[in-house]
Amino acid sequence: MASVISSFSRAGLNVVDRKQFRQERVCPLAIAYWNNLLPVLLVCPLIVFSPALGGWFSDLLSFEIFLLSLLIQFVAYGFSFAFKNLRVIDIAILTKSADITVPLMLVIAGAYSVSFSLFLFLPLILLIFILSSGIENLKKSYQSSIFLVSMLTAQGVYAYFAVFNAAFDREFWSLLSIAFSVLVWRLIFSILFLLGEQRISNVYIFPRQYLSFMGFYLRGFLAAVTQVSFVFAITSNNLWIVWPILNTTGILGAIFAYLFLRERLSLIDFICILFASLITGIAVIFLNYQRY
């Protein structure tokens, strides 16, 4: 259930983010800070007035949670820069690559065993992405695309090892404490990255030229739901089921973008996304996700 909620809320985030970041002069670092601020404020009262408060500080100081937060924030930056040039459906196809690259990295790490010939699926998915987005968009976004897939891969590999880590073997309130710790660390990272490139005034002056208050509150709510449900999802004992569900986010996002942003979807787009989904579906079966 957590993975389903995370997929739908993340798809909603994709639509909001695409609307925000496709603006020509928008600064992803500034928007990331404001996007991380509200979820912390929304979840904080729940932590303060619940049993989750008892272990929160120790969670905040946990290296495992620190690393998870850093990876999640880097994934968010990857999406931010990719959304400047790519449609939601293009990113949906691109992120399907993670279904192949995650087990590939596990094979290389010696944690997983499968024939390397099955990884020929990866260039096929990348070819579909190129056909969908076009050469011109690829030239504009290849750096952000590589970064996004790399961070999704790192996040997936980390999730594999985190499942067997006692730090994430928790009951409900303790998992909520982890989710809030992740939100806090993401806010800290976004402040540091922002101050590294921008003036300190960006920390307290709301960027009205890029953000509407309605979009700010909607995104903050969706981000809080996404973050909490994501942590619950990746700490599930059935990651082989959870991970493909989480990767349906892109498809849902493409549908939402068509409905709410009026992003054009051609017959070729539908063929591309269906073909990419079929390939990753086959990968789930032949790469035997249940084994990890």
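**Terms and the values behind them**

Guide: Let us begin with Cys44, which is partly exposed because its relative accessible area is 31%; buried means under 20% relative accessible area, exposed over 50%, and partly exposed in between, with a 1.4 Å probe and protein chains only. This is a predicted model, in which local features need pLDDT of at least 70, side-chain atom pairs count only at pLDDT 80 or more, and totals for chains, interfaces and linings use all residues. Residues are numbered from 1 along each chain as its sequence is written, and side-chain values use heavy atoms, with hydrogens and water left out.

Visitor: Why is Cys272 counted as buried?

Guide: The relative accessibility of Cys272 is 7%, and therefore Cys272 counts as buried.

Visitor: How many disulfides does a search of the whole structure find?

Guide: The search finds zero disulfides. A disulfide would be a pair of cysteine sulfur atoms within 2.5 Å.

Visitor: What pattern does the protein chain follow along the sequence?

Guide: The pattern is α-α-α-α-α-α-α-α-α-α-α-α-α, and the chain has 13 helices and zero strands. Helices (H or I, at least four residues) and strands (E, at least two) are DSSP runs, numbered from the N terminus. Of the 292 residues in the chain, 58% are buried.

Visitor: What makes helix 5 mostly covered?

Guide: Helix 5 comprises residues 88-95, and eight of its eight residues are buried. Among them are Val88, Asp90 and Thr95.

Visitor: Why is Val16 called buried?

Guide: Val16 has a relative accessible area of 12%, so Val16 is buried. Val16 lies in helix 1, residues 2-21. Leaving aside neighbours within four places in sequence, Val16 is in contact (heavy atoms within 4.5 Å) with Gly215, Leu218, Arg219 and Leu222. The C-alpha atoms of Val16 and Phe216 are separated by 9.2 Å, although these residues are 200 residues apart along the chain.

Visitor: Why does Gly156 count as buried?

Guide: Gly156 counts as buried because its relative accessibility is 5%. Gly156 is placed in helix 8, residues 135-162.

Visitor: What makes the pairing of Arg219 and Asp17 a salt bridge?

Guide: A salt bridge is a side-chain nitrogen of Lys or Arg within 4 Å of a carboxyl oxygen of Asp or Glu. In the side chains of Arg219 and Asp17 the N to O distance is 2.7 Å, and the two meet in a salt bridge. The pair links distant parts of the chain, with Arg219 in helix 10 (residues 213-234) and Asp17 in helix 1, 202 residues apart. Side chains of opposite charge can pair when their charged atoms come close.

Visitor: Why is Asp17 called buried, and which residues does Asp17 touch?

Guide: Asp17 has 2% relative accessibility and therefore counts as buried. Not counting residues up to four places away in sequence, Asp17 touches Arg10, Arg22, Asn35, Phe83 and Arg219. Arg10, Asp17 and Arg219 are also linked in a network of salt bridges.

Visitor: How many salt bridges are counted by this rule?

Guide: The count comes to six salt bridges. Another of the pairs is Asp269 with Arg87, whose closest N and O atoms are 2.9 Å apart. Here Asp269 in helix 13 and Arg87 in the loop between helix 4 (63-82) and helix 5 are 182 residues apart. Both Asp269 and Arg87 are buried.

Visitor: Is Lys139 buried or exposed, and why?

Guide: Lys139 is exposed because its relative accessible area is 55%. Lys139 forms a salt bridge with Glu136, the closest N and O atoms being 3.8 Å apart. Lys139 and Glu136 are three residues apart in helix 8, so they are separated by about one helical turn.

Visitor: Which residues form the nonpolar patch on the surface?

Guide: The patch is formed by Leu124, Leu127, Leu131, Phe275 and Leu278, with about 460 Å² of accessible area together. Patches are made of residues with over 30% relative accessible area and no salt bridge; like charges are joined within 9 Å, and nonpolar side chains (Val, Leu, Ile, Met, Phe, Trp, Tyr) within 5 Å. Accessible areas come from the Shrake-Rupley method with a 1.4 Å probe, and for residues only the protein chains shown count as cover. Leu124 is partly exposed because its relative accessible area is 32%. Helix 7 gives the largest share of the patch, three residues.
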